[in-house]
Amino acid sequence: MGSFIEDFQASLDKLPGLLQRNYGLMRDLDKSLLVAQQQNEQRCEQEIEEIRQGVESGSITPDTSHIRFSNDALDEQKHCIRIADEKVALATQAYDMVDEHIQQLDEYMKKFEELRQEKDISTSSGAGALNVDNAAKPARGSESGRPGRKKSRPPSGPAPAIELDLPVDPNEPTYCFCNQVSFGEMVACDHPNCKIEWFHYGCVGLKEQPKGKWYCPDCIGLQKRRKGK
């Protein structure tokens, strides 16, 4: 990709000079065409006047099939057409040069977008693997093994259990109100005597990691009851 960008930049640096050359040639042809057209118009006007006088004097038969411009006038008109064709060719060449660079840029953007999508997919896959690894519950009672937590207002009551139709290892421990195995994002209750300790985000109404200490609904209720006594 880097080589392509360098080649494209080198080619693009030459484009203004090439276009300027073409436009300069077109201006020169414009001047030549203007002179040739004026010269031919004067010749044609002169020949038309001579034909009119000849018809009036009777020296020229008023038959349109025999009345024509001189070979010199016709050659001048052909010369004007050739100049116009050269102008068209230069304009087409300038257009093609710009269009070629636009196509190269489109191809570069296409490749860049493909690389960006591949990078996004790779990043997403890596993040997904990291989330799966972080979902594994550390040893119970090990504070150092818990992930950093964000404090968030706990729900007023226990969230409804989430039913998962997943094959479960009978020897794998279960957590949370839903009594399911560890999966996805989980948060630990900071109450030292919490009976459950670990909860799935969805089961306790969390969408992101809390800041500071966080207590599950059961432990919050227990603390309130103790304070009420």
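Leaving out neighbours within four places in sequence, His-200 is in contact with Tyr-175, Cys-176, Cys-178, Gln-180, Val-181, Ser-182, Phe-183, Glu-185 and Met-186. The model is predicted.

**Binding site**
- UniProt, in an unreviewed entry, places the feature "binding site" at Cys-176, Cys-178, His-200 and Cys-203.
- These positions span 28 residues in sequence, yet no two of their C-alpha atoms are more than 8.6 Å apart, so they gather at one spot.
- His-200 sits in strand β2. His-200 has a relative accessible area of 2% and is buried.
- Cys-203 lies in the loop between β2 and α3. With 1% relative accessibility, Cys-203 is buried too.

**Aromatic pairs**
- The structure holds 3 aromatic pairs. One of them joins Phe-177 and Phe-199 and is tilted, at 5.1 Å centre to centre with 50° between the planes.
- This pair links distant parts of the chain. Phe-177 is in the loop between α2 (71-135) and β1 (186-188), Phe-199 is in strand β2 (residues 198-200), and they are 22 residues apart.
- Phe-177 is partly exposed, at 21% relative accessibility. Phe-199 is buried, at 0%.
- Phe-199 also pairs with Trp-214: the ring centres are 5.8 Å apart and the planes are at 65°, so the pair is edge-to-face.
- That pair, too, links distant parts of the chain, with Phe-199 in strand β2 and Trp-214 in the loop between β2 and α3 (217-228), 15 residues apart.
- Both Phe-199 and Trp-214 are buried.
- Ring pairs link Phe-177, Phe-199 and Trp-214 into a cluster.

Notes: Residues numbered from 1 in each chain as written. Predicted model: local features only at pLDDT ≥ 70, side-chain atom pairs only at ≥ 80, totals over all residues. Heavy atoms only, no water. Phe/Tyr/Trp six-rings, centres within 6.5 Å; stacked < 30°, edge-to-face > 60°. Helix = DSSP H or I, 4+ residues; strand = E, 2+ residues; numbered from the N terminus. Buried < 20%, exposed > 50% of the residue type's maximum accessible area, 1.4 Å probe, protein only. UniProt positions renumbered as here; feature names shortened; annotations may be inferred. Contact = heavy atoms within 4.5 Å.
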